[in-house]
There are 2 protein chains.
Amino acid sequence: MTPVRIGLLGFGTVGYGTWSVLTRNCDEIERRIGRRFEVSHVVVKDLSKPRTPTASGLHFTDNPSTVIDNPDIDIVIELMGGTSPAYEYIDRALANGKHIVTANKELIALRGNELFETAKKSDKIVAFEASVCGGIPIIKAVREGFAANRISSLVGIINGTCNYILSDMKDLKRSFNDVLEKAQELGYAEADPTFDVEGIDAMHKLVILASIAFGIPLQKLESIHCEGITTISYDDIVYADELGFTIKHLAIARRIESGIEIRVHPSLVSKQRLLANVNGVMNAVAVSGDAIGRALFYGPGAGSEPTASAVIADLVDVARAMNGSVNTSVPHLSFQYDQLKSLPIIPFNQTETANYLRMSALNQAGVLAEVTRILGDHEISIESILQKSSGHHEEVLPVVIVTQETLEANMQNALEELQVLDTVIGEINRIRIEALA
Amino acid sequence: MTPVRIGLLGFGTVGYGTWSVLTRNCDEIERRIGRRFEVSHVVVKDLSKPRTPTASGLHFTDNPSTVIDNPDIDIVIELMGGTSPAYEYIDRALANGKHIVTANKELIALRGNELFETAKKSDKIVAFEASVCGGIPIIKAVREGFAANRISSLVGIINGTCNYILSDMKDLKRSFNDVLEKAQELGYAEADPTFDVEGIDAMHKLVILASIAFGIPLQKLESIHCEGITTISYDDIVYADELGFTIKHLAIARRIESGIEIRVHPSLVSKQRLLANVNGVMNAVAVSGDAIGRALFYGPGAGSEPTASAVIADLVDVARAMNGSVNTSVPHLSFQYDQLKSLPIIPFNQTETANYLRMSALNQAGVLAEVTRILGDHEISIESILQKSSGHHEEVLPVVIVTQETLEANMQNALEELQVLDTVIGEINRIRIEALA
């Protein structure tokens, strides 16, 4: 099959990430859609800027027409940001029969209504998963996954900069300004952080989510209450903590009887809630609906490759739709039918995990020495030992051992030997420890 | 447009839930797909069983042919469970040109390869989101949302019964058997709980997820290591807790250099991890991929309406695909273009939240009385007051007040009055409290 030809508008952090991931994972992606993606032209503002790396095969140009008027291009990815000239470029590309993928939340929030109208007329897709919460497929989840529901609320941590600053203030016991500076050094906040720390970025994203959740047009920003995090002090974080809360910058859209609430502001959230435990630059959105009850999606809300993950997911959606068969454009098992490949399944005894062992051992000298010798014989290193005594002399004491990462086969052999020791009473209980690395 | 005509095989908990949600939310669902769903025939085993409620307009029958051979039916929903005769019914329905929606994890895990082959030949969809993790759109997320990624691991709590039992053992300090009995009484565990507590249900789901994540055929169960939770004692939960872990029943699929690990067993998980904080019947799946990094999806993994939410999401996908236009089958804003409806946006000062107030007040008699009087004047009830003193006599003391739910307008008026009190020094800091109800 002919490749899907792509033109890029913009080659900043996300543009570079998109190109990198497309290049690195081209084989698996082709197995998913049945065709190759081919990035041909890239429009940049400043041609003289050095590009890392020398992206081989890419044609850099400062002439947008090379992409948006190019009859050889199927899909235009817009990663320039801002509403103009992004709007005009996309509008023209749609008129030229191209599908659009964009990460531009401001553009969709402010001019999405017009763009979708144009897209509908030309029967083309404007895909914008990357515009909200980076790599989290939250638009797809709400638009498709929760389509059965009358959605009652969306509450999210949807600005990574705010969440990073609030998390860092708490962890480092420092003021907003101190932490902002650090965030700027690390690239988690812009030189001019206004859009993020004043809540404007979150407001753009919330406009999009609220529309999809409730079936309302994209709202004007004036109708939304928006506060940032600049007035939060370290004292507030401490008092909130004492009261059982964590301070989070939340975007909230809620359906009540008389209408819709849409607001963005810092909030105290009970520490019991998963949302309160979302830290650093991570994002999360809690969705409530009448059938689903409550669900939550968590992941990186920004960054080069997480955002590229969403851009490419949109590319895959568009390419699958372009494949022609309405019915089976998404393969049942994600990969094309002839592209499932058998991979070796690792025999279980060749897997490695750390382990927790609990045994009852006779309370006499030398028992632990014997146990640890057997573990050592099987190349099992001990991370910690917990031996409990009530203070009285008991005949049998519980012993808990945590091992380091160990080959399952070694653990099984060691367990067999431990189990038959005269000094070990009853069954040894072994539970694996999962590092979730 | 003509309605999409649906036939149901099975009318148990999920079947009833599906019908209820379709009926209750029919208007919003129609606004999403542009057509109505019409459930006509329902095949049940025992026609004499009384049906709650008298589902009006439904034609109950014990003859499966009424659905699978019915030329007036577009989509067959299979909710019978088990591999046979579900397989034969679906196979025949596909041959008859019907799309299939199923919640049957056992069937997909064991015979999916054959069914998808048949579906491909007849260019029809077999949709099975409801087969894994109930209401969480995890199949959609992995198959579409993460299509850019080389997925490295999926680690999930994907059996609600196991998670409920382990959570309850911890909370109630009771044994496995005690808690199992309670779970059975509450309907969270079957009379014969083997499938759940021995890990078999989780294994079926993991077979499906592993195939979608790694592009491998659905694996035979023999190649998967599977352990349940019957050997976990309350002591283990206590020791794990002391060591900083929570015990969870995990389903794990991981890509390592030499192949794929697929295993189901109890595991110790660091309490720092979100997965360790997923309690009761809730499910969660953590996905790692090279572009996204780490993401997590959380929600109800079973139950009548959460599972119905996934069944209907699949119905919506199929119906949108049937609509004809490949390109714009999923409307940009989820609802059909002419079906966006303006709803009133609640003026911000009419919203209600609890509030946290922090102020510096002169350390003199009557100050608190004045503050609380002003709050009372504006119908603001106080939940708690925190007044900090170092023990020495200080001129100014911090006062933190938590209010109950309050109308924003009242809070703003009260704040204006409080701010001008001579006894209040500097700015009052107010942060809203979000209940996440």
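**Reading strands, contacts and cores**

Biologist: Which residue in β17(B) is the bridge partner of A:Ser267?

Modeller: B:Arg432 is the bridge partner of A:Ser267 in β17(B). Keep in mind that this is a predicted model. In general, strands of a sheet pair through backbone hydrogen bonds, either parallel or antiparallel. Here β10(A) and strand β17 (residues 424-433) of chain B pair in the parallel sense, over two bridges.

Biologist: How many residues does each chain bring to the contact?

Modeller: Chain A contributes 118 residues to the contact and chain B contributes 119. Strand β10 of chain A, residues 259-270, supplies the largest share of the side of chain A that touches chain B, with 10 residues. By type, that side of chain A holds 65 nonpolar, 30 polar and 23 charged residues.

Biologist: Which strand of chain B pairs with β12(A)?

Modeller: Strand β12 (residues 293-300) of chain B pairs with β12(A), in the antiparallel sense and over three bridges. Within that pairing, A:Leu296 stands opposite B:Tyr298. A:Leu296 is also the bridge partner of A:Ala286.

Biologist: Why is β12 of chain A described as largely enclosed by the rest of the structure?

Modeller: Seven of the eight residues of β12 of chain A (293-300) are buried, so the strand is largely enclosed by the rest of the structure.

Biologist: In what order do the six strands of the open sheet in chain B lie?

Modeller: The order is β3-β2-β1-β4-β5-β6, with parallel pairing. β3 (59-61) and β6 (126-127) of chain B are at the edges with a single partner strand each, so one side of each has no neighbour in the sheet. As for one pairing, β1 (residues 4-9) and β4 (residues 75-78) of chain B are parallel over four bridges. There, B:Leu9 has B:Glu78 as its bridge partner in β4(B).

Biologist: How do I tell whether B:Ala213 is buried?

Modeller: Count the C-beta atoms around its own: 20 or more within 10 Å make a residue buried. B:Ala213 has 27 C-beta neighbours inside 10 Å, so it counts as buried. B:Ala213 sits in helix α10 (residues 200-214) of chain B. Beyond four places in sequence, B:Ala213 touches B:Val142, B:Ile151, B:Leu154 and B:Ala253. Its C-alpha is 9.2 Å from that of B:Asn149, which is 64 residues away along the chain.

Biologist: Which residues have the most contacts inside the largest nonpolar core?

Modeller: They are A:Leu206 and B:Leu206, in a core of 294 residues. Neighbours within four places in sequence aside, B:Leu206 is in contact with B:Ile158, B:Ala251, B:Ala253, B:Ile262 and B:Val264.

Technical notes: Residues are numbered from 1 along each chain as its sequence is written. Chains are lettered from A and ligands numbered from 1 in the order in which they are written. This is a predicted model: local features need pLDDT of at least 70, side-chain atom pairs count only at pLDDT 80 or more; totals for chains, interfaces and linings use all residues. Two strands pair if DSSP finds at least two bridges between them. Two residues are in contact if their C-beta atoms, placed from the backbone, lie within 7 Å. Ala, Val, Leu, Ile, Met, Phe, Trp, Tyr, Cys and Pro count as nonpolar, Asp, Glu, Lys and Arg as charged, and the others, Gly among them, as polar. A residue is buried if 20 or more other C-beta atoms lie within 10 Å of its own, exposed if 12 or fewer, and partly exposed in between; C-beta atoms are placed from the backbone. A nonpolar core is a set of buried Ala, Val, Leu, Ile, Met, Phe, Trp, Tyr and Cys residues joined through C-beta atoms within 7 Å.
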